[in-house]
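Hi there,

Here is the structure I promised to pass on. Have a look through it first, and my notes follow below.

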Amino acid sequence: MRRMVAGNWKMNMLADGAAQLAGELRRGAGEPGCELLVCPPATVLAAVAHALLGSVCQVGAQDCHAEASGAHTGDLAAPMLRDAGATHVILGHSERRANHGETDAMVLAKVRAATRAGLVPVVCVGETLAEREGGWAESVVAGQLAGSLPHGFGQSGMAGLVAYEPVWAIGTGRTPTEADIAAMHAAIRHRVGPSVRILYGGSVKPGNAAAILALPEVGGALVGGASLDARSFLAIAAACPA
Ligand code: PGA
């Protein structure tokens, strides 16, 4: 399966910076050995999608509402994101689970909404440091998968990816050992079946990308901080094994 390197810009980038980064990605991407996706904030999504139109770089959103329209002040529906040029949407990121109280049931409803709108969901799961140290990492992730993924996820007619992002590795510069990443990806593979790409996320940088991307069952990377710089994002993409 072709790997995917996805950039999560989070709550960063005004119009000028987004246009510059999109331009650098467009010019610098060449013919990558993996799929490329960038997920800018919603305010610049349409502009970034326009700037990357016809390039190798796809564009995604960072969240969506579970309903297709209605009285939900400040929220964004999946069809709106599709309309703005998104092909993918990140769902259940740990920052949304922690900062907005998103439960597995809420993530599941969003996954269904995204699928109905023709967006490919990238569903994030991952344990906290206390959960890892307590020895519950795999059971926590198994519970998140069971609660967040609809039946048939990732099979024909319902494209989807999973991103394993240990909460304690996000933005910290810390990563699990390669053995721990491989073990968790094997456990996730066991639950999601053969056709779902499983990305690793959490402090992926140009310096550690090649080792992580070469691990069994690692189908790509979800990159936060390092995706805000075109050179480092494209260096991570270039680290994908052929
Ligand atoms: P990071 O973020 O690469 O800055 O650790 C990853 C993520 O939250 O998706």
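**The pocket**

The largest pocket is lined by 29 residues, and those nearest its centre are Ala-42, Gln-62, Asp-63, Arg-96 and His-100. Two or more lining residues come from each of helix 2 (42-51), helix 4 (94-99) and helix 5 (104-116). On a 1 Å grid over the protein atoms alone, a pocket is an open set of points where a 1.4 Å probe fits, with protein on both sides within 12 Å along at least five of seven lines, and lining residues have an atom within 4 Å of a point. The volume of this pocket is about 710 Å³, counted as the space filled by probe spheres set on the points. By class, its lining holds 13 nonpolar, 9 polar and 7 charged residues.

Before going on, please note that this is a predicted model, in which local features need pLDDT of at least 70 and side-chain atom pairs count only at pLDDT 80 or more, while totals for chains, interfaces and linings use all residues. Residues are numbered from 1 along each chain as its sequence is written, and side-chain values use heavy atoms, with hydrogens and water left out.

**The overall fold**

The protein has 10 helices and 8 strands, taken as DSSP runs (helices H or I, at least four residues; strands E, at least two) and numbered from the N terminus. Its radius of gyration over C-alpha atoms is 17 Å, close to the 18 Å that the globule rule (2.2 Å times the number of residues to the power 0.38) gives for 242 residues, so the protein is as compact as a globular protein of that length. The C-alpha trace spans about 45 × 45 × 35 Å along its principal axes. Of the 242 residues, 51% count as buried, meaning under 20% relative accessible area with a 1.4 Å probe and protein chains only (exposed is over 50%, partly exposed in between). Among contacts (heavy atoms within 4.5 Å) with a separation of 6 or more, 71% join residues 24 or more positions apart.

**The cores**

In soluble globular proteins, nonpolar side chains tend to be buried together. A nonpolar core here is a set of buried Ala, Val, Leu, Ile, Met, Phe, Trp, Tyr and Cys residues joined through side-chain atoms within 4.5 Å. The largest one has 64 residues, and Val-5, Leu-36, Val-38, Val-48, Val-162 and Ile-188 have the most contacts inside it. Helix 10 (residues 230-238) gives the largest share of this core, 5 residues. Neighbours within four places in sequence aside, Val-48 is in contact with Trp-9, Ala-18, Ala-22, Val-38, Pro-40 and Val-59. A second, separate core has 12 residues, including Ala-6, Leu-37, Cys-124 and Leu-161.

Met-1 is found in the segment before strand 1 and is exposed, at 63% relative accessible area.

The loop between strand 1 (4-8) and helix 1 holds Lys-10, whose phi is near 55°, a positive value in a residue other than glycine. Met-13 is found in the loop between strand 1 and helix 1; Met-13 is not a glycine but has a positive phi of about 95°. With a relative accessible area of 24%, Met-13 is partly exposed.

Pro-32 lies in the loop between helix 1 (15-28) and strand 2 (35-39), and counts as buried at 16% relative accessibility.

Best wishes

Methods. Nonpolar A, V, L, I, M, F, W, Y, C, P; charged D, E, K, R; others polar.
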